[in-house]
Amino acid sequence: KPAILWFRRDLRLHDNPSLIAAADRGGPLIPCFLFDPDRPEWAELGGAAAWWLHHSLSALSESLRMQGLELLLRSGPTADLLRDICQASGAARIFCNQVPEPQSIAADRSLQRSLAEDGIDLVIAGPPLLFDPPKPLNRSGEPYQVFTPYWRACLGEQEPPAPRPQPPMPPAAAGPAEAGSAEAGSGDGDPLASEDLADWRLTPTAPDWAGGLCAAWTPGEAGAGARLDGFLDAAAASYHRARDLPDRVGTSRLSPHLHWGEISPQTVWHAVRRTVAAGGMPEKAAEKYLAELGWREFSHYLLHHFPSLPRQNLNGRFDAFPWSAPDGDAATRNALQAWCRGRTGYPIVDAGMRELWTTGWMHNRVRMVVASFLVKDLRIHWRTGAGWFLDTLVDADLANNSASWQWVAGCGADAAPFFRIFNPVLQGRKFDPEGGYVREWVPEIAALPDRFLHAPWEAPAEVLRSAGIDLGETYPRPVVDHAEARRHALSAFETIKDAA
Ligand code: FAD
């Protein structure tokens, strides 16, 4: 009897627990990907993420084809599709990996129960994390809300297991192999007929808004491996020093690959350890890098323990914060639009927002700066910013995004205190001192001398003129005055400071 391998956010063949379990069992295999907008993992799929998914599925389907397997692509209600495929192929067992989000886990549980009534076994492998939530817990048996003791407790556990290689591939089941060569797109008829990825309406190629996604990324398992190798060869050795500088490739840029499960965190962990052992990365750099993977773990751990993290302030005191309403007054609406488009008049903020729009990614330091600007200078709710990120990031991730926005806003776990408000000019001067980042993304002010680059309004008229800048025309004046905005933010914070 064939078995079904149901891919979701695990788009790889190496170190893939559900593939290994399915292969161990023996017998033919039907790999499939099902798009169901009613499933929690797809309900909020953003534009950039949909672009990534499309290309990643294309890469996966090619890798499977080279192993003699055809990836079955179908859209519709998951339970019906799985039942149909089982019925048509005679399969009674489905293997998948968990999507580490509470709603998805709950949906899996009810799916498992409902399929069991038809004699179908849904086997779910553990989450794509180094350490399984709900553990570790603190001494009182509560979840940690501070990163350092959490991570120390994780590191005190066993080292994450070494990644496992791709197993010998099971043969294809007769049905889908034949159906793969049959006419595509016949989703309503034969349940073993695949829909055609090229015009699959649910994974559009369109959101390469600025044409930069294709140039910046190679979605898929091979792209993930190349990205890891490139990082370990070049940037890893100085990660601890360069990770905060957005004008260079100082970080791994593995976030979308990790989000889509094109590479396992265990693979990354052990590759880093091997690089250290071979003398290619100082311990200090590795410790810092693995701690960043730790923040990914911590975010998922928080989402596990606090499933309302994407919607509710972890610190309830912030529920009463007087946010400006973007759908209310025109000034706030305009400011939000300026933020989204990278036209706030603060070069480091604008550079980040344009990098995001063009490449679907933004450097972590700049994510913190633009998020702080939205939440504190513009006093717009962090959920509005988180929503924009979820639509435009290729690494849009419910756990990482929600936890990070709450962290910046001051209402999250181990959060930056609200009153520590980033000054976008000083952040620019400190982390982009030579202006390479701003000049790349905000070319209309590139000719300004370094000392005015992060605050063009401070430049004398003749400097602006000789740099070809007509402030307010070729580049916006600041949408708010930072010093004034800071005062407003602090007095808004005063109103909730003493709340329980
Ligand atoms: P590296 O520095 O190379 O780090 C390696 C890996 O560790 C990353 O790929 C990522 O998986 C993980 N990681 C690094 N920093 C963090 C962090 N602070 N929190 C959680 N995991 C981390 N990351 C996402 O993956 N998806 C998001 O939607 C997301 N939204 C964010 C929103 C805001 C407001 C902020 C401040 C940060 C957000 N991050 C998010 C975290 C972080 O910015 C990115 O993970 C990181 O920039 C990815 O680049 P990299 O792969 O080069 O990171």
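Guide: Let us begin with what counts as a helix: helices are DSSP runs of H or I with at least four residues, numbered from the N terminus. The model discussed here is predicted.

Visitor: What makes serine 252 buried or exposed?

Guide: The criterion for a buried residue is 20 or more other C-beta atoms within 10 Å of its own. Serine 252 has 22 other C-beta atoms within 10 Å, and is therefore buried. Leaving aside residues up to four places away in sequence, serine 252 touches Arg227, Leu228 and Phe231.

Visitor: Which residues are the closest to the ligand?

Guide: The closest are Thr251, Ser252, Asn364, Asn401 and Ser404, within a shell of 27 residues. By class, the shell has 11 nonpolar, 9 polar and 7 charged residues.

Visitor: Which domains and helices supply the shell around the ligand?

Guide: Domain 2 (129-163 + 219-305) and domain 3 (316-494) each contribute at least three residues. At least two residues come from each of helix 11 (255-259), helix 13, helix 16 and helix 18.

Visitor: How do you know that the span of helix 18 agrees with its number of residues?

Guide: The expected span is 1.5 Å times one less than the number of residues. For the 12 residues of helix 18 (residues 398-409) this gives 16 Å, and the end C-alpha atoms are 16 Å apart, so the two values agree.

Visitor: Why is helix 18 called largely enclosed?

Guide: Of its 12 residues, 12 are buried, so helix 18 is largely enclosed by the rest of the structure. Among these buried residues are Asn401, Ser404, Trp405 and Trp407. Their cover includes helix 13 (283-305), helix 16 (364-377) and helix 17 (382-392). Just after helix 18, glycine 410 takes a positive phi of about 90°.

Visitor: Which residues of helix 12 are buried, and what do they pack against?

Guide: In helix 12, Pro265, Thr267, Val268, Trp269, Val272 and Thr275 are buried. The buried residues of helix 12 pack against helix 9 (221-233), helix 11 and helix 13. Helix 12 (residues 265-277) has 13 residues and reaches 18 Å from its first C-alpha to its last, close to the 18 Å expected.

Visitor: What makes a set of residues a nonpolar core?

Guide: Its members are buried residues of the nonpolar kinds listed for a core, joined through C-beta atoms within 7 Å. The largest nonpolar core has 113 residues, of which Ile4, Leu5, Trp6, Ile30, Cys32 and Ile85 touch the most other members. Helix 3 gives the most to this core, with 9 residues. The contacts of isoleucine 4, not counting residues up to four places away in sequence, include Ile30, Cys32 and Ile85. A second, separate core of 21 residues includes Leu130, Phe131, Ala236 and Tyr289.

Visitor: How many residues does each of domain 1 and domain 2 bring to their contact?

Guide: The contact takes 19 residues from domain 1 and 19 residues from domain 2. Helix 3 (residues 47-66) provides the largest share of the domain 1 side, 6 residues. That side has 9 nonpolar, 5 polar and 5 charged residues. The centres of domain 1 and domain 2, taken over C-alpha atoms, are separated by 26 Å.

How values were computed
Residues numbered from 1 in each chain as written. Predicted model: local features only at pLDDT ≥ 70, side-chain atom pairs only at ≥ 80, totals over all residues. Domains from an automatic or database assignment. Contact = placed C-beta atoms within 7 Å. Nonpolar A, V, L, I, M, F, W, Y, C, P; charged D, E, K, R; others polar. Near = placed C-beta within 6 Å.
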